[in-house]
Amino acid sequence: MRDVVLTATISLDGYIEGPDRDISWHRVDEELHQHFNDTLREAGAFLSGRVTHQLMTEFWPTADKDPDASATVVEFAEIWREKPKFVYSRTWERADWNTTVVRDVVPEEVRALKEQPGGPLVLSGAHLAADFLRHGLVDAFRIYVDPVIVGGGTPLFTEGSAPADLRLVETHTFGNGVVLLSHERE
């Protein structure tokens with residue numbers, strides 16, 4: 001059975017985006033971007049909320065067409081386009097780019113998706129993550145902590161998240177100061 005892996009970049013004070021949805025503080029250099037490519041290439045599908053999916057579709061479908069795009073950007077654009085995506089939205093009827101629209105987080109449906117063959121299911125977006133956490137559907141956490149304090153914005157973990165005992169399985173410090181913390185449920 002494949003895992004649901006909550007993957008997020010956060011500030012040291014726990015925010016995935018600053019005020020006004022600012023993510024300019026994310027420290028994605030070539031080393032970290034290549035790590036993302038290597039990790040996400042193995043994913044079976046991407047699970048995201050509407051807002052996260054919209055942000056991705058504003059850039060990645062054609063990012064590799066930019067003549068100034070780096071090799072890692074070109075590589076990720078292909079990875080993103082080809083992966084199945086599930087966007088959770090109560091307002092959308094359909095979405096492009098190999099995307100299935102899902103109305104609500106239904107535990108039985110997520111468990112059925114986990115039983116399908118393939119790589120891990122990569123979950124992103126704070127609001128969607130909160131729903132998955134409340135239902136006990138997150139198996140692992142891949143959290144990238146940027147060495148910055150943003151002072152406010154959207155926290156990754158919200159009040160009402162279900163408590164979970166975790167086991168640290170990996171840490172890695174990148175050259176730009178970002179620290180990866182990987183945990184699995186006990």
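This text walks through a predicted model, from its overall dimensions to single residues. Local features need pLDDT of at least 70 and side-chain atom pairs count only at pLDDT 80 or more, while totals for chains, interfaces and linings use all residues. Residues are numbered from 1 along each chain as its sequence is written, and side-chain values use heavy atoms, with hydrogens and water left out.

Start with the whole protein. It has 5 helices and 10 strands. These are DSSP runs numbered from the N terminus: helices are H or I with at least four residues, strands are E with at least two. The C-alpha trace spans about 45 × 35 × 30 Å along its principal axes. The radius of gyration is 16 Å, which agrees with the value near 16 Å for a compact globule of 186 residues. That radius is taken over C-alpha atoms, and the globule rule is 2.2 Å times the number of residues to the power 0.38.

Now the surface. The accessible surface comes to about 9,800 Å², and 51% of it belongs to carbon and sulfur atoms. Areas come from the Shrake-Rupley method with a 1.4 Å probe; for residues, only the protein chains shown count as cover. Of the 186 residues, 45% count as buried. Buried means under 20% relative accessible area, exposed means over 50%, and partly exposed lies in between (1.4 Å probe, protein chains only). There are 18 positive and 31 negative side chains, and the centres of the two sets lie 6 Å apart. Lys and Arg count as positive, Asp and Glu as negative; His and the chain ends are not counted. Each charge is placed at NZ of Lys, CZ of Arg, CG of Asp or CD of Glu.

Contacts come next, meaning heavy atoms within 4.5 Å. Among contacts between residues at least 6 apart in sequence, 69% join residues at least 24 apart.

Turn to the interior. In soluble globular proteins, nonpolar side chains tend to be buried together. A nonpolar core here is a set of buried Ala, Val, Leu, Ile, Met, Phe, Trp, Tyr and Cys residues joined through side-chain atoms within 4.5 Å. The largest has 26 residues, and L47, Y88, L123 and F132 touch the most other members. At least two residues each come from β1, β3, β4 (85-88), α4 (107-115), β6, α5 (126-134) and β7. Helix α5 gives the most, with 5 residues. Leaving aside neighbours within four places in sequence, L47 contacts F86, Y88, L113, L121, V122, L123, S124, L128 and F132. A second, separate core of 17 residues includes W80, V122, F174 and L180.

Helix α1 (residues 30-40) has L32, H33, H35, F36, N37, T39 and L40 as its buried residues. Their cover includes β1 (4-11), β3 (45-49), α3 (71-82), β6 (121-124), β7 (140-146) and β10 (179-185). H33 has a relative accessible area of 12%. Not counting residues up to four places away in sequence, H33 touches V28, W60, T72, V73 and F76.

D139 sits in the loop between α5 and β7. D139 is buried, at 18% relative accessible area. Its C-alpha atom is 5.3 Å from that of V4, 135 residues apart along the chain. Beyond four places in sequence, D139 touches R2, D3, V4, K114, E184 and R185.

D20 lies between β2 (15-17) and α1. Its phi is near 60 degrees, positive in a residue other than glycine. D20 is exposed, at 80%. N98 lies between β4 and β5 (99-102). N98 has a positive phi of about 60 degrees although not a glycine, and is partly exposed, at 42%.
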